[in-house]
Amino acid sequence: MNDNLKYVLRFLFFLAFQLLLFQNLNLGTYLAPMPYILFLLLFPCTYPTALLMLWAFAFGLTLDVLGTGILGLHTASFVVTGALRSTILKTVTVKGDLDNLMVPGFNQLGFGRYSFFVMFCVIAHHLVFFTLESLSFFLFWHTFARFVCSLLLNVFLILLFKITFFERRR
Amino acid sequence: MSGLPPLLRKLLVLLLFLALQSVAVVLVVNNSYFQQNAIMRVVRSWQTKWWEKTSSWTAFTNLRKTNNDLFLENTRLRAELARLSELELFLTAQDSLRMAPTDSFSFIPARVIRNSVNRQRNTLIIDKGSADGISPDMGVISARGIVGVVSHVSEHYAMIISLLNTEQRFTAELKKTGTFGTLRWNGIHYRKVTLSEIPLHIEVNPGDTVVSNDFSLVFPRSVPIGLVLSGSLKQGSFLELDVELFSDFKTLRYVNVVSFSGADDLRKVTDMDMEEAL
């Protein structure tokens, strides 16, 4: 299948999942399910950062316009994730290993390294997301608790999604 | 882009990042101050069309609860009607000086098409707008208490700043003593708000009712809001009370927008007062 067509289909898939299911899932103040972050993590390892950020911007903006909440919140945090992805990928892989990799995944990186990769990406996203949403350190511990709880939930959801839908069996 | 030297390429990526990020941050800042501007109005009108579609899919799940609430409210209104008509009979019977109320509250029913409770600044969208007589700064109440204040209005939709919004403050009073204070949400639980600035000498017991007052010309008087929870906190020379709301914002479906016909007149008077004081 044409790569760009594949990306567009994934785009629609994650958007639909987020808008129709996860956004309406009311798990309380502390848990904000946002597994759409996986969309960016599925791109090939050598995919240019500039294009990655453009995908992130388009996705975040569509999500903000069609969804509820503060406009631009998802956009800002997702663009940061896109910008930091290649750096994080370089951090979790052994030097020189990156050239042989196609797409980051369990088979290529191993479970531990891949989980770390996902975790760092979600941390980048959530840091921007929750800081911008509260826009102050007025309720610092409250915001921090939301950050940690959502982080755990989303890393779990992303790993689950990855195993279920996007992992090629050997 | 691959033909460029790596330093220039990195610089371009950085510039692109800054451009995209600044667009996003400008959006966040504009939107969080609820400034009404042309772009937002266009976006909101697309949003509301889409939301109205999705809300009609989800409305079914809450029908039973909503029906029950409507039934309760009907009962209450009927009782109120009976009481008032009796009063009217009594008044007209000894009619000598007719004191017709010149300004009064009227209610515009509306349906909530978008709602949230799990953010720090929650807002609602209702399906009535300026065409139905709604304008900014009107109060919004439901069958079980106050809901919020209209922030901006398009022709057929209006956006409401919810009571569950950490930036918004309301006045409310204790029903028993009539002492008024400031009501605000602490951003944590969707059924708990705080009533502050109650003087220390006021005796408050857990279970006391908190009602709205009409000082701000937004809500009618004594709409029930909630009950005082145990454990009041002393903040300087004032009490800070935890209040449990009667209304469950998660199941909010139908609301009434409060339109006060004398509001403009009264505001003119209060403005004049302010000028004189200066």
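This is a predicted model: local features need pLDDT of at least 70, side-chain atom pairs count only at pLDDT 80 or more; totals for chains, interfaces and linings use all residues.

Guide: Residues are numbered from 1 along each chain as its sequence is written, with chains lettered from A and ligands numbered from 1 in the order in which they are written.

Visitor: Which residues touch the most other members of the largest nonpolar core?

Guide: A nonpolar core is a set of buried Ala, Val, Leu, Ile, Met, Phe, Trp, Tyr and Cys residues joined through C-beta atoms within 7 Å. Buried means 20 or more other C-beta atoms within 10 Å; exposed means 12 or fewer; partly exposed is in between; C-beta atoms are placed from the backbone. Here the core has 49 residues, and Ile126(B), Val140(B), Val150(B), Ile160(B) and Val255(B) touch the most other members. Strand E5 (residues 158-165) of chain B gives the largest share, 6 residues. Strands (E, at least two residues) and helices (H or I, at least four) are DSSP runs, numbered from the N terminus.

Visitor: Is Met119(A) buried or partly exposed?

Guide: Met119(A) counts as partly exposed, because it has 18 C-beta neighbours inside 10 Å. Met119(A) sits in helix H6 (residues 111-134) of chain A.

Visitor: How many residues of chain B are in contact with chain A?

Guide: Contact means C-beta atoms, placed from the backbone, within 7 Å. By that test, 25 residues of chain B meet 27 residues of chain A. H1(B) supplies the largest share of chain B's side, 12 residues.

Conventions
Two residues are in contact if their C-beta atoms, placed from the backbone, lie within 7 Å.
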